[in-house]
Amino acid sequence: RGAYSDFPDYRSRALAPVYVFMRWDNFVHDEEWSSFAMNQWRDVLWLNGNFVFSFHESGYKAFAAGDMKKAAESFEKILSLDLNDKRAMINLGVVREKQNDLDGARKLYERIILIDPENAEAYYNIGVVYWRKGDWEKVISSFQRVLEINPGYPNARHYLDQAVFRL
């Protein structure tokens, strides 16, 4: 039997993803295998952590290489497995910023704040989005919130002062 066979019993289904895992070096780049594995074996939750880790890694590599499309795909796959993965939302937001989708980035950062109202990084990134839009009042509000949460947050004080000057 190959990995593409339909296994009737749980034990076989539990072992079948191992075939995908053994192909891991190609897995994150092989859309057919990754889609098949994630759809076929949703009941084998132990593999999700490996998927998430590998998609983060492939997303970082694609981002570093300047391939925003592949980076976005990797972070979106993570969110299909874990809707509340704040790191994937932050990273996807940064990718959206690079793609000049500022509203898309802002929405991702706001989603993080709904999950974690004390997330200074999300507020900082929202401030960056508003900075790019030239909305100085919202920049100031965002960076003030960052400093309320984390007074030592890198660059927040510096950019807050600059935003106040620009207002």
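Trainee: Let's start with R106: which residues does it touch, leaving out those up to four places away in sequence?
Mentor: Keep in mind that we're looking at a predicted model. R106 sits in helix 8, which covers residues 102-115. A contact here needs heavy atoms within 4.5 Å. With residues up to four places away set aside, the ones R106 touches are V129 and Y130.

Trainee: Okay, and is R106 buried or exposed?
Mentor: The cut-off for buried is under 20% relative accessible area. R106 comes in at 16%, so the label for this residue is buried.

Trainee: What about L92, which residues does that one touch?
Mentor: L92 belongs to helix 7, and its relative accessible area is 4%, so it is buried. One of its contacts is L108, 16 residues away in sequence but 7.7 Å away in space, C-alpha to C-alpha. Not counting residues up to four places away in sequence, L92 touches A72, F75, E76, L79 and L108.

Trainee: How do helix 7 and helix 9 run, roughly parallel or roughly antiparallel?
Mentor: In general, a packed pair of helices is described by the angle and the distance between their axes. For helix 7 (residues 86-98) and helix 9 (residues 120-133), the axes come within 11 Å and cross at roughly 10°. Angles under 35 degrees count as roughly parallel. So helix 7 runs, relative to helix 9, roughly parallel.

Trainee: And by class, what residues does the contact of helix 7 with helix 9 have?
Mentor: From helix 7 you get R87, I90, V94, E97 and K98, and they meet E121, A122, N125, V128, V129 and R132 of helix 9. Sorted by class, that contact has five nonpolar, one polar and five charged residues.

Trainee: Helix 11 next: within what arc do its buried residues fall, seen down the axis?
Mentor: Helix 11 spans residues 156-166, and its buried residues are A156, L160 and A163. An α-helix has 3.6 residues a turn, so residues three or four places apart point the same way. The buried residues of helix 11 line one face of the helix, since down its axis they fall within an arc of 65°.

Trainee: Which helices do the buried residues of helix 11 pack against?
Mentor: Look at the face with A156, L160 and A163, the buried residues of helix 11. Their packing partners are helix 9 and helix 10 (136-149).

Trainee: Where is N100, and is it buried or exposed?
Mentor: Most residues other than glycine have a negative phi. N100 has a positive one, near 60°. Its place is the loop between helix 7 and helix 8, and at 56% relative accessibility N100 counts as exposed.

Trainee: And what is the phi of N155?
Mentor: N155 sits in the loop between helix 10 and helix 11. It counts as partly exposed, at 44% relative accessibility. Phi of N155 is again positive in a residue other than glycine, near 75°.

Trainee: Zooming out, how many helices and strands does the chain have?
Mentor: Along the sequence, the pattern reads α-α-α-α-α-α-α-α-α-α-α. Buried residues make up 46% of the 167 residues in the chain. The count comes to 11 helices and zero strands.

Trainee: Last one: what share of the accessible surface of the chain belongs to carbon and sulfur atoms?
Mentor: The accessible surface of the chain is about 9,400 Å². The part of that surface belonging to carbon and sulfur atoms is 52%.

Definitions and conventions: Residues numbered from 1 in each chain as written. Predicted model: local features only at pLDDT ≥ 70, side-chain atom pairs only at ≥ 80, totals over all residues. Heavy atoms only, no water. Helix = DSSP H or I, 4+ residues; strand = E, 2+ residues; numbered from the N terminus. Buried < 20%, exposed > 50% of the residue type's maximum accessible area, 1.4 Å probe, protein only. Axes fitted to C-alpha atoms, helices over the stretch in contact; angles between N-to-C directions. Parallel < 35°, antiparallel > 145°, perpendicular 65-115°, else oblique. Nonpolar A, V, L, I, M, F, W, Y, C, P; charged D, E, K, R; others polar. Arc of directions from axis to C-beta. Areas by Shrake-Rupley, 256 points an atom, 1.4 Å probe, with all protein chains shown as cover.
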